[in-house]
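Subject: Structure handover

Hi,

Here is the structure we talked about. Please open it beside this note; my findings follow.

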Amino acid sequence: MQKDYIIIGQGLAGSLLAYELLQQGKSIHIFDNHHEGAASSIAAGIINPITGRRFAKSWRIDQFLPFAKEYYQKIEQRFNINIFHDRAVLRFLHGNKDINDWYGRSSWEGFGEYMQEYENMEELADHFHLPFGIGVIKPSAQIDIPLLIKTFKEYFQEKNVISDQKIDYQLLKQNDIKSAFNGIDADKIIFCEGYQAQFNPAFDAIPFEPAKGEVLFVKIPNLNFKDLLKNKIMIAPLGNDLYWTGSNYEWNATHDRPTESFKTDFIKKLQKTLKLPFEVIYHKAAIRPSVKDRRPVLGSHPRNPKIAIFNGLGTKGASLGPYWAKHLANHLLNNTPLEPEVNLSRFYV
Ligand SMILES: Cc1cc2nc3c(=O)[nH]c(=O)nc-3n(C[C@H](O)[C@H](O)[C@H](O)COP(=O)(O)OP(=O)(O)OC[C@H]3O[C@@H](n4cnc5c(N)ncnc54)[C@H](O)[C@@H]3O)c2cc1C
């Protein structure tokens, strides 16, 4: 069977790209092995425009946040689901330097529109150990990535364009395309494998820097908190008293499974933030597909035009995914140029 595109991986990157290509009338087939350590399965889906200790503005957030909002809202309408949530990040400020930096930064051009004062500290005092102050980062958002992936999976299954199968690089190396893909061939094969792309010999020039993260999903009865709380940890609401809490960045992880040491340390951190009792419901781990220069990586292979990649969404898949999926689809279908900053060819000079 001949298709226009084979897509390997149905995480956020593969799902969005597959949807774009189908929307534009192309024939596709997806292969995915639903790996437990896939980032999309446990991501909080937060889009936070101001991050880090120095209150840096996220890369091109003025462009990506409104784009993502419109994109996800169209998907909500199409599939009758609720995945885009407007949120505020309540950012705990620690000490006078932090407070001064916050106010200093909020007076910079382009920052003030996201950084506001929080005036109802006493409202939170029953539930949280309060710090010196709180800054509000708004607009921010939370995308229900696991629901998005599940919805897309059902949609691809209905269309009979997805197989639950791990692709064997050895067969690809031998150019045995039909065996590798169960008798299916395509004009182009697009790899959207998340962090597992680091094991793909076809892309060994890409300097991947995968970052493992662990998450505790906890029940906190009676918190009724609808915002995102950023202390040294992040707490994000999932509904029905369940909260996503995390995470950490482990750059040289030897495996993608949850660890007892993370759980023990993180429970202490939660106790330092929360005054309310909580119960750990489950504990998960996954690996973020980051690249050294912290930019997405997309496009056809400079030495093998039959294969292409969509990867490098790193820690920010929720905001980067929609924009760059469309950018890549337009490039593949209409030959529009890829932006050099994200083009795979930057690693092949
Ligand atoms: C703890 C944690 C918290 C995060 N929080 C946020 C957040 O708040 N906001 C945000 O924007 N981002 C967040 N992220 C990052 C976000 O999850 C990623 O940017 C995004 O999900 C990456 O999607 P992906 O499709 O590239 O990779 P993945 O989700 O890893 O998907 C890759 C898919 O490819 C499949 N696959 C791989 N190799 C093969 C093969 N050979 N054959 C068949 N199938 C294959 C895998 O099974 C998987 O389903 C977080 C990540 C983690 C780990």
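The shell around the ligand has 19 nonpolar, 16 polar and 5 charged residues (nonpolar: Ala, Val, Leu, Ile, Met, Phe, Trp, Tyr, Cys and Pro; charged: Asp, Glu, Lys and Arg; polar: the others, Gly among them).

Some ground rules. This is a predicted model: local features need pLDDT of at least 70, side-chain atom pairs need pLDDT 80 or more, and totals for chains, interfaces and linings use all residues. Residues are numbered from 1 along each chain as its sequence is written, and side-chain values use heavy atoms, without hydrogens or water.

The ligand first. There are 40 residues around the ligand (a heavy atom within 4 Å). Asp-32, Asn-33, Ser-40, Gly-314 and Ala-318 come nearest. Domain 1 (2–42 + 146–207 + 293–347) and domain 2 (85–141 + 209–288) both contribute to the shell, so the ligand lies between them. The domain bounds come from an automatic or database assignment.

Ligand oxygen atoms sit 2.9 Å from a polar backbone atom of Ala-13, 3.3 Å from a backbone N or O atom of Ala-39 and 3.4 Å from one of His-34. Taken alone, the ligand exposes 1000 Å², and the protein buries 97% of that (Shrake-Rupley, 1.4 Å probe).

Now helix H1 (12–23), one of the elements that supply at least two shell residues. Helices are DSSP runs of H or I, at least four residues, numbered from the N terminus. In H1, 11 of the 12 residues are buried, so the helix is largely enclosed by the rest of the structure (buried: under 20% relative accessible area, 1.4 Å probe, protein chains only). Ala-13 is among the buried ones. Just after H1, Gly-25 takes a positive phi of about 80 degrees.

Best wishes

Notes: Polar contact = N/O pair within 3.5 Å; in protein donor to acceptor, adjacent residues only side chain to side chain. Buried < 20%, exposed > 50% of the residue type's maximum accessible area, 1.4 Å probe, protein only.
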